[in-house]
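Reader: I would like to learn how to read a few features of a structure. Please show it to me first.

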Amino acid sequence: MARQFFVGGNFKMNGTNESITAIVENLNKADLPENVQVVICPPAPYLALAAAKNTQKTVEVGAQNVFTKASGAYTGEIAPQQVLDTGATWTLTGHSERRTIIKESDEFIAEKTKFALDSGLKVILCIGETLEERKSGVTLDVCARQLDAVSAIIKDWKNIVIAYEPVWAIGTGLAATPEDAEETHKGIREHLAKTIGAGQAEAVRILYGGSANGKNAPDFKDKVNVDGFLVGGASLKPEFVDIIKSRS
Ligand code: PEP
């Protein structure tokens with residue numbers, strides 16, 4: 001089955017009115033291939049700006065995080081409905097920076113993912129192992145544990161895209177080799193076939209994330225289980241367009 005190539009841009013806590021306007025205007029002008037799905041995730045204060053500047057509608061806009069409630073006394077949190085109100089249609093969940101810095105558990109991430117989907121958002125669900133876990137040979141066990149928390153409460157995966165992001169590769173300049181990424185993505189898909197069924201496992205897109213850039217993206221071209229990228233640092237730079245065009 002052909003899965004549509006997908007590129008996400010996680011701006012993290014970076015950007016200003018000026019720089020985010022410039023990034024979106026650059027994407028508007030870029031003549032992006034129509035067969036690539038692109039989602040940019042600016043910080044929450046800039047979601048509405050990014051959605052409004054996205055005049056060519058060649059990209060979609062996503063949040064980096066949402067909460068598990070629709071409204072109420074949850075200071076500092078953002079409801080999925082509020083994200084939808086800005087014109088954004090996606091959210092990240094489970095980014096390793098939230099798993100480690102904010103100490104979000106697998107179960108809480110699963111709950112967020114479910115509430116986001118139930119509220120009408122689509123989700124890029126991030127998973128991945130630390131360097132210590134990789135060295136101990138438990139990469140697939142960690143990914144399976146993170147996924148199992150989600151499959152325990154979500155049966156329909158059509159609005160989920162998985163981003164496999166080895167923690168040791170995020171923001172370090174140390175990308176996984178295309179071969180390593182392919183092997184892990186294949187293992188993730190095989191695990192999902194057992195838990196959510198072969199049909200859904202075959203259809204779900206699995207992105208690679210971790211120091212992807214304009215130079216290394218083409219190296220992943222022939223990896224059949226790598227369906228795109230989640231890009232951090234390079235999504236703030238003009239080379240983001242090269243990554244989007246890397247399969248054309
Ligand atoms: C990310 O934050 O999701 C990411 C992949 O970051 P970077 O591309 O900078 O490693």
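Reader: What radius of gyration does the chain have, and why does the value agree or disagree with a compact globule?

Author: First, the ground rules. This is a predicted model, in which local features need pLDDT of at least 70 and side-chain atom pairs count only at pLDDT 80 or more, whereas totals for chains, interfaces and linings use all residues. Residues are numbered from 1 along each chain as its sequence is written, and side-chain values use heavy atoms, with hydrogens and water left out. The radius of gyration is taken over C-alpha atoms, and the globule rule is 2.2 Å times the number of residues to the power 0.38. For 248 residues a compact globule would have a value near 18 Å; the chain has 17 Å, which agrees. Its C-alpha atoms fill a box of roughly 45 × 45 × 35 Å along the principal axes.

Reader: How many helices and strands does the chain have?

Author: Both are DSSP runs, numbered from the N terminus: helices are H or I with at least four residues, strands are E with at least two. The chain has ten helices and eight strands.

Reader: Is His-95 buried or exposed?

Author: Buried means under 20% relative accessible area, exposed over 50%, and partly exposed in between, with a 1.4 Å probe and protein chains only. His-95 has a relative accessible area of 5%, so this residue is buried. In the chain, buried residues make up 52% of the 248. His-95 lies in the loop between β4 (90-93) and α4 (96-101).

Reader: Which residues does His-95 touch, leaving out those up to four places away in sequence?

Author: A contact means heavy atoms within 4.5 Å. On that basis His-95 touches Asn-10, Cys-126, Glu-165 and Ile-170. Among contacts in the chain between residues at least 6 apart in sequence, 72% join residues at least 24 apart.

Reader: How many aromatic pairs are there?

Author: A pair of aromatic rings is described by the distance of the centres and the angle of the planes. Rings of Phe, Tyr and Trp (its six-membered ring) pair if their centres lie within 6.5 Å; planes under 30 degrees apart count as stacked, over 60 as edge-to-face and the rest as tilted. The count by this rule is six. In one of them, Phe-67 and Tyr-74 have ring centres 5.1 Å apart and planes at 50°, so the pair is tilted. Phe-67 is buried at 13% relative accessible area, while Tyr-74 is partly exposed at 34%.

Reader: Why is the pair of Tyr-208 and Phe-220 stacked?

Author: The planes of Tyr-208 and Phe-220 are at 15°, with centres 5.2 Å apart, so the pair is stacked. Tyr-208 sits in strand β7 (residues 206-209) and Phe-220 in the loop between β7 and β8 (228-231), twelve residues apart. Both Tyr-208 and Phe-220 are buried. Together with Phe-5 and Phe-229, Tyr-208 and Phe-220 form one aromatic cluster.
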